[in-house]
Amino acid sequence: MTQCKKDLPNILTEFESEELLNQPNLRYPTGMRNYALMKLLLNSGIKLSEATNLVWTDLDNILSSRTIILDGYTLETLIKWKNRQQINADDCRYVFTTLNGNKLKNRYVREMIKRYADKAFISGSVSPQTLRHTYATNLYMDTKDLNLVRRSLGLSDSHYSKIYLRLAEENFDFII
């Protein structure tokens with residue numbers, strides 16, 4: 001993990017992101033769910049509460065309400081998860097559920113991500129917010145567009161999106 005100055009959040013390297021995603025056992029429904037959830041958090045920058053409250057019928061709405069850029073592989077992963085859910089996906093309201101169809105709790109997701117990060121030997125604190133910061137920093141690195149980062153994260157104040165410029169400069173010796 002890239003350790004930043006005290007006032008900057010930590011982000012994952014590309015290798016650490018891959019290692020984190022390699023931890024869930026995809027043979028099990030919960031492993032597939034956890035993989036899909038982490039993949040969505042890493043590749044969309046949505047907040048944990050948005051992910052745990054995400055409803056299948058509103059998936060298009062959240063993607064269009066902000067400038068969220070999802071790659072085809074992440075969408076394919078979500079579809080695989082929907083097809084793999086143990087409960088009838090048509091009757092299930094939430095995208096990410098327990099095996100009984102109940103909505104996942106934010107606390108469970110935070111603990112799950114920490115557990116997988118420990119298993120992947122990622123040092124430092126890893127949380128859903130770390131995945132959001134990683135996404136935003138990578139988006140900035142790819143586009144050099146702070147306004148796009150702001151819109152993608154749903155930030156109303158452009159001041160906060162400047163954090164990702166500083167993260168890029170600090171962690172990747174990026175010079176504009």
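How do the axes of α7 and helix α8 (residues 146-153) cross? They cross at roughly 150° and come within 9 Å, and that makes α7 roughly antiparallel to α8. Angles over 145 degrees count as roughly antiparallel, under 35 as roughly parallel, 65 to 115 as roughly perpendicular and the rest as oblique. The axes are lines fitted to C-alpha atoms, for helices over the stretch in contact, and angles run from 0 to 180 degrees between N-to-C directions. Helices themselves are DSSP runs (H or I, at least four residues), numbered from the N terminus.

A quick word on the source: this is a predicted model, with local features needing pLDDT of at least 70 and side-chain atom pairs counting only at pLDDT 80 or more, while totals for chains, interfaces and linings use all residues. Residues are numbered from 1 along each chain as its sequence is written, and side-chain values use heavy atoms, with hydrogens and water left out.

Back to the α7 and α8 pair. Contact (heavy atoms within 4.5 Å) is made here by residues including Tyr135, Leu139 and Tyr140 of α7 and Leu146, Val149 and Leu153 of α8. By class, that contact has 8 nonpolar, 2 polar and 1 charged residues. Here Ala, Val, Leu, Ile, Met, Phe, Trp, Tyr, Cys and Pro count as nonpolar, Asp, Glu, Lys and Arg as charged, and the others, Gly among them, as polar.

Now follow α7 to α2. Their axes come within 6 Å and cross at roughly 40°, so α2 and α7 are oblique to each other. On the α2 side, Met38, Leu41, Leu42, Asn43 and Ser44 make the contact, and on the α7 side Pro128, Leu131, Arg132, Thr134 and Tyr135 do.

α2 also packs with helix α6 (residues 106-119), at an angle of about 90° and with the axes 11 Å apart. The two are therefore roughly perpendicular to each other. Met38 and Leu41 are among the α2 residues that meet α6, whose partners include Tyr108, Met112 and Tyr116.

Finally, look at the largest pocket, with a volume of about 380 Å³. Of its 16 lining residues, the closest to its centre are Leu42, Asn43, Tyr135, Asn138 and Asp142. (On a 1 Å grid over the protein atoms alone, a pocket is an open set of points where a 1.4 Å probe fits, with protein on both sides within 12 Å along at least five of seven lines; lining residues have an atom within 4 Å of a point.) α7 gives the most to the lining, with 6 residues.

How values were computed: Grid points are joined across faces, edges and corners, and a volume is the space filled by probe spheres set on the points.
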